[in-house]
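Colleague: I would like to learn how to read a few features of a model, one at a time. Could we go through them together?

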Amino acid sequence: MIATIISWLPALFRGLLITLEITSVCILIGIVLGIFIALGKLYGGRFVSLFCSAYVQFFRGTPLLVQLLMAYYGLPSWGIRLSPITCGMLALGLNTAAYQAEYFRGAIQSVKGGQMLAARSIGMSLPQAIRCVILPQALRLVIPSWSNELILMLKYSSIVYMVTVLDLMGEGMRIASHNFLYIQVFIVVAIIYLGIVFIINQLLHLLERRTRIPGLGGGTLN
Amino acid sequence: MSLLKVENIHKRFGDLEVLKGVSFEVEKGETKVIIGPSGTGKSTLLHCINQLTTPDDGRIFLDGVEVTGQHTNINKLRAQMGFVFQDFNLFAHLTAMENVRLGPVKVKKMPKKEATKLAIEVLGKVGLGDKANAYPAQLSGGQQQRVSIARALAMSPKLILFDEPTSALDPELIGDVLEVMIELAKEGMTMLVVSHEMGFARSVADEIIFMEHGVIVEQGPPEKLFTAPEHKRTGEFLHKITELYGETN
Amino acid sequence: MDSGGGTFVFTRKGEAIDTVSVLWKSLPMLLRAVLINIELCLALLALGLIVGTIVALLQVYGNRTLRTLSFGYEWIFRSIPALVLLILFYFGSSQFGLEISSFVAATLALGFRSSAYQSQIFRGAIQSLPRGQMTAARSIGLSQFQAVTSIILPQAFRLAIPAWSNEFSSVVKDTTLAYAVGLNEILRHARYIIVQHYKLAMPTYLTVALIFLVLTYAGNGCLGLLEMGTRIPGLEGYKKSGAGRR
């Protein structure tokens, strides 16, 4: 049995790399897009903020799997053809952007109003004030929910196997569908997910401690 | 020509008209103190001068340049006006030195090394040379307020606006902050101060402005207002406030 | 199907009309199929509620061993992806010779997973109650069990509704994952439509998305009413949390 399990590991490891790749790309899309959506919702004009709200509503209110299938089956009918893995990154990225936007918005709003006034009072422009004063504080505040989101996306990335991507889940399915040892294969897969979640959690705690502002309690700036 | 000229400023929030046509001037090197009951628009007036609030009507000039104009570069003008807030508003994620340095680096594009030197020098001036690396949350209220004065000073402003700089402080911490302000006044800094500190007003101000219900009731040298006010309300207010806060601080 | 292929040679205008009519005809089918998702959602939430409450109580009141075990349970079920759990329960049971339907497998997999998240919600609610509540309950002679069932839980459940409503939003969307184990739910029916009319993939999935938007809104609305209805006069509850992330 041990030898059999070991024979699965190279494939599962390949799958894990794909899982990590998809997760990191979609989280990056989510951070960048999420910050812009949050800023659009808070500082944008009427039209921009309405659009950003609608975006958030749609992506948070509908199943991620439906969003993935839209990218995979829907976009080609509009003439847009993407590789399965790109579909996965796109769907997961757009989805997490909506959630992250809300985390960022909450964090930006919890930075005290006086911080913006003070920044403007020394002559900083609005973008400068956002970049140098508001975001550095808001981003620290958002780390806990952001950690949660990263772990969530790592787990949810497993749905890409449903559009033929051979991630950790997909490799597990491929192996199990040949030998029908579903339990054994997926216990190994589950243990790998548990291990990765554990490691990432530890790293994120470290990040949180490192970025803490001296004299301020954890996570709150008020 | 006066350094700051405020002309007929009006500001209304919904149904409430907070400022009903306020005009006055501040000369270079002068210290003016605005006093008056709370809720009479003193803070709003300071915010309007720095355009942190846009007035509905009226004009404001700094050194001959219109602050309220449509096409003025407000960020450039704000850089010439320091603002000291009641609740400090230090940037929570930056050390005292970084708070002071931020404006010169980001707004004036001063090289970082030079700005650091300046920041440390200015912090020394407000008596906090040893606290340069402390974060705001590690400082007392009085220390925070002195850092925020240093932050304003580092921009070499033509004028500093103080919005009740001592009213969020514990009584024993007020003295240090007032000392710094008195020092600045002596050095010839132009200051416009909203304050309830009558001792400070009386000893430092070149002129006191008494505001109530959104208008200036009376203005003049401190001795005149304290001893022979023209308006009955001025006398009543000064009497009440000295009872409340004491004659000197 | 050739009838499907043929209709799309027409002009844009003709195609639009076709899209609407095909979708309109398949809407009843999609709505019937989403009932399966709703059933699954209710079943798994109920399982999660029962198990989650027990786990939360063990975490707060259990001895050292029980506490460790219950925290371990929570951590494991929160850290394994839903799909892995679905596959384990569905294919795993048949490997053991148990033939369970995909509905039961999905209820168990997603229900145990939800119980881990729910235990976290209930634990937070229980711990946010003032300590004096338990002390006072014991002081009038209630056993610990009685104190929990008649004093602690009734208050904790009320406090937990906003967070629980968030869990609902999350879980109702996750029922679509049961598509992976062949449950006859809405995405499977959406697939039937798309196989026949390939070009309708986007509008079909958009329709499914819309149905879920309505579901999450309706569910959260009901839970909001429940919260108001059970509110203890004069007491403030938790703050409302965002929709659908745990």
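Colleague: In which helix is the place of Thr19(A)?

Modeller: This is a predicted model. Thr19(A) sits in helix H1 of chain A, which covers residues 2-43.

Colleague: Is Thr19(A) buried or exposed?

Modeller: The cut-off for buried is under 20% relative accessible area. Thr19(A) counts as buried because its relative accessibility is 1%.

Colleague: Which residues does Thr19(A) touch, not counting those up to four places away in sequence?

Modeller: Thr19(A) touches Leu154(A), Ser157(A), Asp167(A), Leu168(A) and Tyr193(A).

Colleague: Now the chains. Which pair of chains has the most contacts?

Modeller: Of the 2 pairs of chains that touch, A and C have the most contacts. Chain B and chain C are joined by no contact, and their closest C-alpha atoms are 26 Å apart.

Colleague: How many residues are in contact between chain A and chain B?

Modeller: On the chain A side there are 22, in contact with 24 residues of chain B. The area buried between these two chains is about 2000 Å², and carbon and sulfur atoms give 64% of that area. As for polar features, the count between chain A and chain B is 0 salt bridges, while 6 residue pairs are in polar contact across the interface, both residues being at pLDDT 80 or more.

Colleague: Which elements of chain A give two or more residues to the side that touches chain B?

Modeller: They are helix H5 (113-121) and helix H6 (126-156) of chain A. H5(A) gives the most, with 7 residues. By class, this side of chain A has 12 nonpolar, 8 polar and 2 charged residues.

Colleague: How many residues of H5(A) are buried?

Modeller: H5(A) is mostly covered, with 7 of its 9 residues buried. Among them are Gly114(A), Met116(A) and Arg120(A). The cover over the buried residues of H5(A) includes H1 and H6 of chain A, and also helix H2 (74-78), strand E6 (81-84) and helix H5 (141-153) of chain B. Just after H5(A), Gly123(A) has a positive phi of about 95°.

Colleague: Which residues other than glycine have a positive phi?

Modeller: One of them is Ser156(B), with phi near 45°. Ser156(B) is in the loop between H5 and strand E7 (159-163) of chain B, and is exposed, at 55% relative accessible area. Asn89(B) also has a positive phi, of about 50°, although it is not a glycine. Asn89(B) is in the loop between E6 and helix H3 (96-106) of chain B, and is buried, with a relative accessible area of 5%.

Colleague: How many disulfides are there over all chains?

Modeller: A disulfide is a covalent bond between the sulfur atoms of two cysteines. Here the count over all chains is 0.

Colleague: How many salt bridges does the rule count over all chains?

Modeller: The cut-off is a side-chain nitrogen of Lys or Arg within 4 Å of a carboxyl oxygen of Asp or Glu. By this rule there are 21 salt bridges over all chains.

Colleague: Where do Glu102(A) and Arg105(A) lie?

Modeller: Both are in helix H4 (residues 84-110) of chain A, 3 residues apart, which is about one turn of the helix. Glu102(A) is buried, at 16% relative accessible area, whereas Arg105(A) is partly exposed, at 22%.

Colleague: Which distant parts of the chain does the pair Arg113(C) and Asp174(C) link?

Modeller: The side chains of Arg113(C) and Asp174(C) form a salt bridge of 3.3 Å, N to O. Arg113(C) is in helix H5 (residues 102-128) and Asp174(C) in helix H7 (residues 144-174) of chain C, 61 residues apart. Both residues are buried.

Colleague: Which residues are linked in a network of salt bridges?

Modeller: Lys5(B), Glu7(B), Arg59(B) and Glu66(B) are linked in this way.

Key
Residues numbered from 1 in each chain as written. Chains lettered and ligands numbered in written order. Predicted model: local features only at pLDDT ≥ 70, side-chain atom pairs only at ≥ 80, totals over all residues. Heavy atoms only, no water. Contact = heavy atoms within 4.5 Å. Buried area = accessible area lost by both parts, 1.4 Å probe. Polar contact = N/O pair within 3.5 Å; in protein donor to acceptor, adjacent residues only side chain to side chain. Helix = DSSP H or I, 4+ residues; strand = E, 2+ residues; numbered from the N terminus. Nonpolar A, V, L, I, M, F, W, Y, C, P; charged D, E, K, R; others polar. Buried < 20%, exposed > 50% of the residue type's maximum accessible area, 1.4 Å probe, protein only. Disulfide = S-S within 2.5 Å.
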